[in-house]
Amino acid sequence: LRTLRLEGYGQEAVQNGGGNTSASREAPQRWTNALNWEETIDLTNQRIRIRQRAQAWLPAATMSRVIGNITTTAILDGDVSYNVNQQGAPRRTAPRNLRTEMQTHPVALVRLALDPATAVTNPRTEGKAQLVDITPKQGPRYTLAIDAKSALPLWVRWTENEETLRDLTHQKWFTGFEPINGVMMPTGLKTVIDFRNVVQSQIYVTHNAVDAPIDDLSAPAAVKSAAAPAAPKYVVEAEPVTKGIWLLHGNTGHNSILIEFADHLTMFEVPLNEAWTKALIDKARATVPGKPVTQAIVSHHHFDHSGGVRTAIADGLSIVAHRGTEDLFQEVAARKSTIEPDELARTPKPLKFIPVDDHLTLQDATMQVELYHIIGNEHMAEALMAWVPRDRLLIEGDLFDHTWENYPWTTN
C-alpha cells in the first residue's frame, strides 16, 4: 500500500463544543460544515494533505464564512507542516495534529502497528472487541479496537493536549466499510471527545481510492529551509481609556479591560489561552502596582473569550459570569492537565464563581460597574456587558467588531 485518497463532506464542532449558543450541557451543537473535503495520505513518505471549504453553520460575522468560499489546505511532509493559500503560495506553519489525523486512519494505523519501531502491547478483550495498544516512534499512544466477528477496526482512542480542555481524549469510530482495490475502507469517520461526549467531527466519505495517482505532497525547498515558527511572544499594551480604566491589547487581537477599584483590580475578559491571559494579568499588575487583581468578568463562555479561565483561577481570581456558565467553567477547571501541565495543574485551586442573573453591581467608593445580561442575541445566550455610569462607557465582548460584515442579531 502506497497511497490513500478520501473525498466527502462533513461537520466539525465549533470550538470543541465550547462555541454553542448556550453553555448548557444540553445545548444544540454548533457546526462548521466541511465542504469538498479531501484527505490524501502518502503512506510511503509519511505525508498527508487535508483540503476543504469551511462554511459556518451558525450566525457568522463575515460573509466568507457564511458563503464558505475559502478553501483551506494543510499539509504535513515528515516533520514539516505547511499551508497553501488561495493563491497557491505555501507557508511553513507550527506543527498541528496532522500526524495524528494520518495515523488514525484505520489502514494507516494497521500499517503503523506493523512497523518494527512501533510497540504493540497489552492485547485484551473488552466486550465484543479485541483491544491492543499501539505506541509509534512519533505520535501519542493509540488503543485500537477490532471487531471480534468481522475482524475490522471499530475505533481508535488517544489523548492529546488541547489549549482549553487540556488532556483531551478522542475516540474515532469507523463505519460502513467497502472493498476498494482489495482493501477494506470506511465510509464513515466519527470522532467523539471526552468533553461532554461532543462529536468533534463527522465525515461522510463519498469516494475512496487506494494506490491511485496523487499529487506530490513534498514540501517545497523554500518551505523546508524556512525556520519553524517559534512560540508567539506576547506583548501587552495598557492604553488609558478614562480614569481608572485601561484597554489591554496586543498582538493577538483578543483584548481585555482593566478596571481599578479602591483596593483591587478587576479584568473584563480572560481570553484565548493560558499564555495570553497570564501576560494580561501581569500587565494589569504592572499598570497599577500595589493593588491585587482579584476578579475576572467573562463576557460569555465561548472558548476564545474564556480560554484563560484556568489561568485566572490558578492566579486566585474570582470568575464573574452569567449563572448559566458556572457548570461549564467547573468542568473546564476540573480537567486533568498532565501532558503539558498548565499553571492550574501545577498549583491547584478551586473555582471561585460569582454568578450574575439579570443584573449585578460592582461598586466601592471610587468605581461603579453595572453588569447586565444580554438578551435577544443568538450568538451567545448567557452573555454579560458592563456599563460604567460615571463615564457612560459600555464594555462588551462579541456584540460589535469593526471588522465584522454581518450582525444577524441586530433585529432583536
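**Note on the salt bridges**

1. Arg51 and Glu38 form a salt bridge whose closest N and O atoms are 2.9 Å apart; a salt bridge here is a side-chain nitrogen of Lys or Arg within 4 Å of a carboxyl oxygen of Asp or Glu. Arg51 lies in strand β3 (residues 47–57) and Glu38 in strand β2 (residues 31–42), so the pair ties together parts that are 13 residues apart in sequence. Helices (H or I, at least four residues) and strands (E, at least two) are DSSP runs, numbered from the N terminus.

2. This is a predicted model, in which local features need pLDDT of at least 70, side-chain atom pairs count only at pLDDT 80 or more, and totals for chains, interfaces and linings use all residues. Residues are numbered from 1 along each chain as its sequence is written, and side-chain values use heavy atoms, with hydrogens and water left out.

3. Glu38 is buried, at 4% relative accessible area, while Arg51 is partly exposed at 28%. Buried means under 20% relative accessible area, exposed over 50%, and partly exposed in between (1.4 Å probe, protein chains only).

4. Glu331 and Arg196 meet through their side chains in a salt bridge of 2.8 Å, N to O. Glu331 belongs to helix α8 (residues 326–334) and Arg196 to the loop between β14 (188–193) and β15 (199–210), so this pair ties together parts that are 135 residues apart in sequence. Arg196 counts as buried, with 15% relative accessibility.

5. Salt bridges that share partners join Asp42, Arg47, Asp77, Asp216 and Lys224 into one network. Within it, the side chains of Asp42 and Arg47 meet at 3.7 Å, N to O. Asp42 is buried at 9% relative accessible area, and Arg47 is buried at 14%.

6. The structure holds 25 salt bridges.
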